[in-house]
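Biologist: I am new to this structure. Please show me how to read it, feature by feature.

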Amino acid sequence: AVDVRPEVTSSLDAVMAKVGAAVAATEPGRWIMAFGFDPKHMRRGTRAPTRAEIDDVAPRNPVLIVHFSFHESFANGAALAASGFSEASADPPAGKLGRDRSGRLNGYLFEAAHGRAVVCAQADLLKFGKELMRTGIEHFQNELFSRGITGICDPWVPHFIEEIYVEAAQSGLLKIGATLMAGSPVGRLGL
């Protein structure tokens with residue numbers, strides 16, 4: 001996972017540089033997820049990346065830049081395709097696919113559209129080992145503990161992520177209080 005919080009990326013250029021570095025270290029075809037994007041709190045620039053800008057730094061990898069709210073994200077063409085979205089796709093129920101003035105997908109994903117891309121990315125990343133998720137859990141909970149936060153609520157947990165939480169809790173790795181809300185890529189929202 002690529003950390004693009006404003007504390008570590010002061011501009012859109014810095015975000016794109018970090019994504020580009022991740023692309024250089026990743027096999028073509030593998031997903032790259034960046035977390036914590038918040039353009040309103042960057043020191044320079046207050047806009048989101050476009051599909052074309054992400055395509056420029058990642059022409060052969062699906063990339064999803066996730067907004068800190070976890071309600072929206074910004075994708076390149078490979079991520080849109082890997083999530084099952086095309087120019088002919090309608091907005092999913094309870095979601096939105098961003099489009100430019102000509103009607104072409106611009107990479108912006110909101111709510112259910114974002115959720116679908118996240119589930120696709122997570123499923124792909126887990127093919128390469130659950131250790132990646134365990135490391136993420138450990139890093140994330142330590143960051144929260146350092147800020148005095150002792151509990152979380154994860155609002156979109158598909159079954160394959162729930163299994164990792166359960167294993168982490170049973171092994172003693174998960175020390176933070178965690179409330180999980182079930183999510184499904186084929187649930188009632190039509191994902």
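**Reading the sheet and its pockets**

Modeller: Strand 3 (63-67) and strand 4 (residues 72-75) pair in the antiparallel sense, over three bridges. Two strands pair if DSSP finds at least two bridges between them. Strands (E, at least two residues) and helices (H or I, at least four residues) are DSSP runs, numbered from the N terminus. The model is predicted: local features need pLDDT of at least 70, side-chain atom pairs count only at pLDDT 80 or more, and totals for chains, interfaces and linings use all residues. Residues are numbered from 1 along each chain as its sequence is written, and side-chain values use heavy atoms, with hydrogens and water left out.

Biologist: Which residue in strand 4 is the bridge partner of L64?

Modeller: The partner is A75. In a regular strand, side chains alternate between the two faces of the sheet.

Biologist: In what order do the six strands of the open sheet come?

Modeller: The order is 1-2-3-4-6-5, with mixed pairing. Strand 1 and strand 5 (95-99) stand at the edges with a single partner strand each, so one side of each has no neighbour in the sheet.

Biologist: Which strands does helix 1 touch?

Modeller: Helix 1 packs on the sheet and touches strand 1, strand 2 and strand 3. Contact means heavy atoms within 4.5 Å. The direction of helix 1 makes about 155 degrees with that of strand 2. Such angles run from 0 to 180 degrees between N-to-C directions; axes are lines fitted to C-alpha atoms, for helices over the stretch in contact. Helix 4 lies across strand 2, strand 3, strand 4, strand 5 and strand 6 (105-111), at about 95 degrees to strand 6.

Biologist: How many bridges join strand 5 to strand 6?

Modeller: Four, and the two strands run antiparallel. L97 stands opposite L109 in strand 6. The hairpin of these strands has five residues between them, and G103 takes a positive phi near 95 degrees there. Strand 6 also pairs with strand 4, antiparallel, over three bridges. E72 has F110 in strand 6 as its bridge partner.

Biologist: Now burial. Is L12 buried or exposed?

Modeller: Buried means under 20% relative accessible area, exposed over 50%, and partly exposed in between (1.4 Å probe, protein chains only). L12, in helix 1 (residues 12-24), is buried, because its relative accessible area is 10%. Its C-alpha atom is separated by 8.0 Å from that of T46, 34 residues apart along the chain.

Biologist: What about C153?

Modeller: C153 is found in strand 7 and counts as partly exposed, at 46%. Leaving aside neighbours within four places in sequence, C153 is in contact with T179 and M181.

Biologist: What volume does the largest pocket have?

Modeller: On a 1 Å grid over the protein atoms alone, a pocket is an open set of points where a 1.4 Å probe fits, with protein on both sides within 12 Å along at least five of seven lines; lining residues have an atom within 4 Å of a point. A volume is the space filled by probe spheres set on the points. The largest pocket has about 1,600 Å³. Its lining has 45 residues, with A1, F35, F70, G136 and F140 nearest the centre. Helix 5 gives the largest share, ten residues.

Biologist: And the second largest pocket?

Modeller: Its volume is about 270 Å³. It is lined by 13 residues, with F70, H71, E111, P155 and W156 nearest its centre. Helix 4 gives the largest share, four residues.
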